[in-house]
Each structure stands twice: as structure tokens, then as C-alpha cells.
Amino acid sequence: MAASTWRGHLTFGLVSLPVRLHTAARGETISFNQLHKDDHSRVKQVLYCAAEDKPISRDQIVKGYEYEKGKYVVVEDEEIKKVAPKTAKVMELLEFVKSTDVDPVYLDSSYYMAPDEGGEKPYALLFEALKKTGYYGVAKVAMHNREHIVILRPAGRGLMIHTMFYADEVRKTEEFHADTSAVKEKELLLAQSLVESLAAEFEPEKYHDTYRDNLRQMIEARIEGREVVETPEATMAPVIDIMEALKKSLEMRKPPTKAAEAAPAAEAAPVKKRAGGRRSAAG
């Protein structure tokens, strides 16, 4: 497994177990360098002082906090270090909350939490207890010079930790709500049927970042001197009556009936002639 991001003890009540954290996921992207258009050489960003109208070196830079428009207080790195929390070796479990009460909007970075040597049994006990009760743990830990509140939850085969956004970091908006008063029963039944017709097992591996794939293909085409193929534009379905839209969507999802499958086969099959043909009335 990858190197540990944090290592220490998880404590709750009189229980203490050694654990370690590993980063669970990270975003992938394709990065580009900035080049001079004429000769394709790398360019550098220059730090520039507008007041003195001249470039300055990085060692002439200090941190400033704007407390009023155009007014700054200078803060030294040493002063920041004094108030920053030191990375601690203890993760304190504060309380347990119902999993259904935790809105995913509060979850930030994800980590796998694994038991360290000697902590296997209490780790397994906590894992099973959370699974059985449907609770998540809320804990506090200091790492990377910042204090984090984290959500501890049981995953498929072990415990996971998610750093949590604080309440004042989550944006509130009055526009973010659903007015269900205008929803009709027939519309709801059709919508439920459409949802069920599209239901499938969650398989993350079948989803791909098509933009990143297209970027790679475009880069390979440029390297090899081939023509770059433009991505087709998505077509927007016309806005029609919601009931008609739901009905048509359901019709598109329905599998063909046996009678409908048999009709084309019957039309394609050759007609067999009867042996000897038809008898005449005189015969």
C-alpha cells in the first residue's frame, strides 16, 4: 500500500487503537506548459510591483491580509507557524451520529483508515459496531498544519475517513430547493417507472473521463501529424409536455415484444411452394 499520510492513535472513551491513513482518491488531469509562441521555449511568470513599475524577486514577497479596502496587515511566516496546530499523533473521536444525518456536501478528501500493528481486533470491533448500528463517527485530528473535523464511516471492507467542510464553508442558497406542490401523482408514477427502467448496479469502473481521453487522442494525433477529429456537439431534445416526455422515454426503454421480433423474421423468410401445385377442378 502507498505511504501513510498520517499515523497515530484513534481514541474514544478508554479505547485507543493504532491506525494509519492512506489517500483514497485523487483527481487526474492533463496539464500543459506555457510556451513562447514564436520559438516554443518555456516562459516564466515574473513577479511585478505595480507601485514601483519594476519586477521583483521572490525573496521580496511577504504575506498581507486586506482588512480594509487597500489596507493590509503584514503577517510573517513565523507568526503563522506559532498559531498553526502541530501534527498530532492522536485522533479524538468526539461523538457518533446517524449516517442518514450526514449530508455528503460536507465531505471533502477521502482516506482509507487501516489498523496499525496491534490494533487489528479493536479496529474490526469498531467497524462491525458502526455497520450494525448505522452510525458514523465524528473525530478531530491535526495534520498538515491544520485542524480537521473528520467523518469516520464503515466502507466495504474497512473504515474510511473523510475530512469535513465546516458549516461556514458550505454555501447556503435559498434557490436550492424543490417545490413538490405542483407534482401530480400520474407524473410521479411515470417518473418512478423511468428511474426503475434505468436502474443498474453501481460500477465506477465503467465510467470514464471522455474529455481527458479526447485530449490524449488529440495530443497523439498532433505528435503523429494526423488530423484532429472534432468532438460532435450534443443535441438538445426539444422541450415538450412532461407527461409526453416521460411516456416516450419509457417507450424507448421497453424491450421489443416477441410478436414484434417475430414479424420481421416472418417477412424475411421465403414462401415454400406446395409439391405438385394445385389440382384443377377437372383433374
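**Close-up views of a predicted model**

**View 1. Thr 163 sits in strand 11, which covers residues 159–164.** Strands here are DSSP runs of E with at least two residues, helices are runs of H or I with at least four, and both are numbered from the N terminus. This is a predicted model, where local features need pLDDT of at least 70 and side-chain atom pairs count only at pLDDT 80 or more, while totals for chains, interfaces and linings use all residues. Residues are numbered from 1 along each chain as its sequence is written, and side-chain values use heavy atoms, leaving out hydrogens and water. With a relative accessible area of 4%, Thr 163 is buried (under 20%; exposed is over 50% and partly exposed lies in between, using a 1.4 Å probe and protein chains only). Leaving aside neighbours within four places in sequence, its contacts (heavy atoms within 4.5 Å) include Tyr 106, Asp 108, Met 143 and His 148.

**View 2. Phe 12 and Phe 96 form an edge-to-face aromatic pair.** Their rings are 6.2 Å apart centre to centre, with 90° between the planes. Rings of Phe, Tyr and Trp (its six-membered ring) pair if their centres lie within 6.5 Å; planes under 30 degrees apart are stacked, over 60 edge-to-face, and the rest tilted. Phe 12 belongs to strand 1 (residues 6–12) and Phe 96 to strand 7 (residues 90–98), so the pair ties together parts 84 residues apart in sequence. As for Phe 96, it's partly exposed, at 36% relative accessibility.

**View 3. Helix 3 meets helix 5.**
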